[in-house]
Amino acid sequence: MALLLAFYSVLLLVGPALAQSPDMSYEDYMAQLQACPKECRCPPSFPNAVYCDNKALKRIPTIPPHTWYLYLQNNLIDVLSTDALRNATQLRWINLNRNRITSEGMEEGALAAMLRLVHLYMDDNLLSSVPANLPSSLEQLRLSRNRISKIPAGVFSGLDRMTLLELQGNKLQDDAVTEVSLKGLSNLVQINLAKNQLTTMPLGLPITITQLFLDNNAIEKIPADYFKSLPKVAFLRLNRNKLGNGGLPKNVFNMSSILDLQLSHNQLTQVPMIPSGLEHLHLDHNQIKSVNGSDICPVSADALEGYVTETAPKLRYLRLDGNEVKPPIPRDLMMCFRLLRSIVI
């Protein structure tokens with residue numbers, strides 16, 4: 001019995017340490033929990049995280065030094081201050097979505113010392129410009145649904161680790177999205193510029209882009225050689241623009257990289273020419289009256305005679321509802337796109 005009591009006493013002493021982060025000493029673990037702001041929650045089982053969300057906070061409390069993940073969404077914060085984050089230099093992830101932070105409320109250098117910051121979420125705030133002096137470690141920047149109308153030249157300088165940039169739902173016009181304003185994003189993979197005020201395809205996008213989202217703008221045409229400077233685009237969304245047949249040069253989508261093309265809710269009356277590697281095509285809610293498989297087939301009739309799966313057109317999903325196309329599905333369409341598994345009419 002005495003042996004059991006001794007063993008239980010040892011467990012009580014070391015128990016808290018068992019929950020600590022493997023990257024944190026027991027002393028740091030205890031200091032982290034003790035420094036937890038009274039407005040926030042710091043789970044002992046996840047000591048690197050500080051939860052201050054949904055607290056109606058008007059300012060950021062002082063954040064303890066061993067915080068990696070900081071959740072401040074759904075508050076009333078209007079200033080991102082240097083003081084509050086002065087000691088939190090180990091931050092990897094900050095969520096500031098749905099606050100009231102303005103560009104004037106972004107104190108200079110507030111994030112400059114965050115040399116390990118990877119994710120910065122600032123959706124649904126009141127920013128008018130992309131924040132400056134962001135840490136070079138940043139990989140994902142989310143600034144959707146603000147009031148951003150400008151991207152200052154050089155603001156992305158040194159951010160060559162960034163792979164994702166979310167700017168949808170802002171007030172960006174054509175002259176705001178340029179090669180100069182995006183300079184520095186040499187490894188960007190995804191950019192979301194949907195729901196802005198663009199009337200032309202943005203110029204100067206990084207050559208590394210594979211996902212380009214431009215829905216809900218006022219784009220009327222795509223230059224014939226536009227995608228020559230974007231050879232890796234695989235997912236292209238242009239839903240809800242003003243694209244008509246005249247705005248799509250014949251071979252504008254002739255790219256080996258593209259897999260998913262979305263042109264829903266435009267003003268097309270014909271199905272555009274598509275590359276043989278395309279797998280998903282969205283053309284719903286246009287003004288298309290008929291579909292001629294022979295006209296849009298990306299391979300010749302002779303090639304179809306010697307049908308080989310490896311070289312056949314890869315289209316698997318086609319959406320045509322909301323047009324004037326009526327069943328049945330044309331036979332020549334099925335003869336060309338023999339891998340089609342779903343057609344919505």
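Reader: Why is C52 called buried?
Author: C52 has a relative accessible area of 0%, and buried means under 20% (exposed is over 50%, partly exposed in between, with a 1.4 Å probe and protein chains only). So C52 falls on the buried side. Keep in mind that this is a predicted model, where local features need pLDDT of at least 70 and side-chain atom pairs count only at pLDDT 80 or more, while totals for chains, interfaces and linings use all residues. Residues are numbered from 1 along each chain as its sequence is written, and side-chain values use heavy atoms, with hydrogens and water left out.

Reader: How do you know that C40 and C52 form a disulfide?
Author: Their sulfurs sit 2.0 Å apart, and a disulfide is a pair of cysteine sulfur atoms within 2.5 Å, so the pair qualifies. The torsion about this S-S bond is about 105°, so the link is right-handed. C40 sits in the loop between α2 (26-34) and β1, and C52 in the loop between β1 and β2, which puts the two twelve residues apart (helices are DSSP runs of H or I with at least four residues, strands are E runs of at least two, numbered from the N terminus). C40, at 12% relative accessibility, is buried too.

Reader: What makes C36 and C42 a disulfide, and which hand does the link have?
Author: The sulfur atoms of C36 and C42 are 2.0 Å apart, and with 85° about the S-S bond the link is right-handed. C36 is buried at 19%, and C42 is buried at 13%.

Reader: How many disulfides are there in the whole structure, and how do they pair up?
Author: A search of the whole structure turns up three. With the bonded cysteines numbered in sequence order, the pairing runs 1-3, 2-4, 5-6. One of the three joins C297 and C336, again with 2.0 Å between sulfurs. Its torsion is about 85°, so that one is right-handed. The partners are 39 residues apart, with C297 in the loop between α3 (293-296) and α4 (301-305) and C336 in helix α5. Both cysteines are buried.

Reader: Helix α5 again! Why is M334 called partly exposed?
Author: M334, found in helix α5 (residues 331-336), has a relative accessible area of 32%, so it is partly exposed.

Reader: What kind of peptide bond joins P327 and P328?
Author: A cis one, with omega at about 5°. P328 is in the loop between β12 (317-319) and α5. Most peptide bonds are trans.

Reader: What about the phi of R240?
Author: R240 has a positive phi of about 55° although it isn't a glycine. Most residues other than glycine have a negative phi. R240 is in the loop between β9 and β10 and counts as partly exposed at 42%. A56 has a positive phi as well, near 55°, in the loop between β1 (49-51) and β2 (69-71).

Reader: And why does N241 count as buried?
Author: Its relative accessibility is 6%, so N241 counts as buried. N241 is in the loop between β9 (235-237) and β10 (260-262).
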